Each structure stands twice: as C-alpha cells, then as structure tokens.
Amino acid sequence: MKLASERAVVVFTLSSCSMCHTVTQLMADLGVNALVHELHSDPRGKEMEHALLKMLGSRGPAVPAVFIGGKLIGGTNRVMSLHLGDQLVPMLKNAGALWL
C-alpha cells in the first residue's frame with residue numbers, strides 16, 4: 001500500500017504481460033505520468049504479487065493492478081470499463097494525475 005500511494009497513479013506490472021502494456025500505454029496516451037512498478041524487477045516481487053492477488057480476490061490476475069489516488073481500482077477489465085464509460089479521466093483528474 002505504501003508503494004501504491006507514492007504517486008497519483010501506480011500500476012503494478014510484469015514485463016511479459018500484454019495487458020499490463022495495454023494499461024500502461026493507455027495511461028501514457030491520456031497524459032498520465034504513472035509510476036510503473038514491474039514485479040519481476042523487485043526482489044519482493046513474488047510477495048507483492050501474492051498480496052495483490054489477495055487484494056483483488058476473484059476479480060482476475062494480479063497484474064496489471066492499477067491504483068489511483070492510493071485506492072485499488074482493479075485490473076484491465078475495470079480500467080477499460082471506466083475508460084469506455086467516460087469515468088476514468090474524471091477519476092484521474094480528481095486524483096491529480098491530469099490537469100486537462
């Protein structure tokens with residue numbers, strides 16, 4: 001949770017995950033300077049992945065795990081649903097990740 005609150009948007013990923021790339025690219029395309037934390041590069045990556053799985057419950061894989069304003073939003077499906085429903089950008093603005 002400490003890592004998730006270091007920036008307005010934090011995304012936990014694995015470099016081998018295509019959906020992680022999709023979510024981080026969406027954030028970049030929107031102009032968000034997200035902190036991307038690649039689990040495979042961290043010595044505690046497996047431990048963090050397990051903690052993310054526990055937090056997400058049965059809502060899907062551990063990555064990508066997107067935090068906005070320090071709160072767990074979810075993975076690819078949730079982020080894309082918010083984006084398609086025109087709710088993601090306002091959420092990012094409220095968190096201070098966008099100044100549009």
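Predicted model: local features only at pLDDT ≥ 70, side-chain atom pairs only at ≥ 80, totals over all residues.

Which backbone oxygen lies 3.1 Å from a polar atom of the side chain of Thr24? The backbone oxygen of His21 does. Residues are numbered from 1 along each chain as its sequence is written, and side-chain values use heavy atoms, with hydrogens and water left out.

Thr24 belongs to helix 1 (residues 18-30); helices here are DSSP runs of H or I with at least four residues, strands are runs of E with at least two, and both are numbered from the N terminus. Not counting residues up to four places away in sequence, Thr24 touches Val11, Thr13 and Val36, where contact means heavy atoms within 4.5 Å.

That brings us to Thr13, in strand 1 (residues 9-13). Thr13 is buried, with a relative accessible area of 3%; buried means under 20%, computed with a 1.4 Å probe on protein chains only. Beyond its neighbours within four places in sequence, its contacts include Cys20, Thr24, His37 and Val63.

Four strands form an open sheet in the order 2-1-3-4, with mixed pairing; two strands pair if DSSP finds at least two bridges between them. Strand 2 (35-38) and strand 4 (71-74) are the edge strands, each pairing on one side only. From one strand to the next, the twist averages 25 degrees. Strand 1 pairs with strand 3 (residues 65-68) in the antiparallel sense, over four bridges, and Phe12 stands opposite Ala65. Helix 1 packs on this sheet, touching strand 1, strand 2 and strand 3, and its direction makes about 160 degrees with that of strand 1. Such angles run from 0 to 180 degrees between N-to-C directions, with axes fitted to C-alpha atoms, for helices over the stretch in contact.

Finally, the cores. A nonpolar core is a set of buried Ala, Val, Leu, Ile, Met, Phe, Trp, Tyr and Cys residues joined through side-chain atoms within 4.5 Å. The largest has 17 residues, and Val9, Met27, Val32, Leu88 and Leu92 have the most contacts inside it. Helix 1 gives the most to this core, with four residues. Apart from it lies another core, of twelve residues, including Phe12 and Ala65.

Note on methods:
Buried < 20%, exposed > 50% of the residue type's maximum accessible area, 1.4 Å probe, protein only. Polar contact = N/O pair within 3.5 Å; in protein donor to acceptor, adjacent residues only side chain to side chain.
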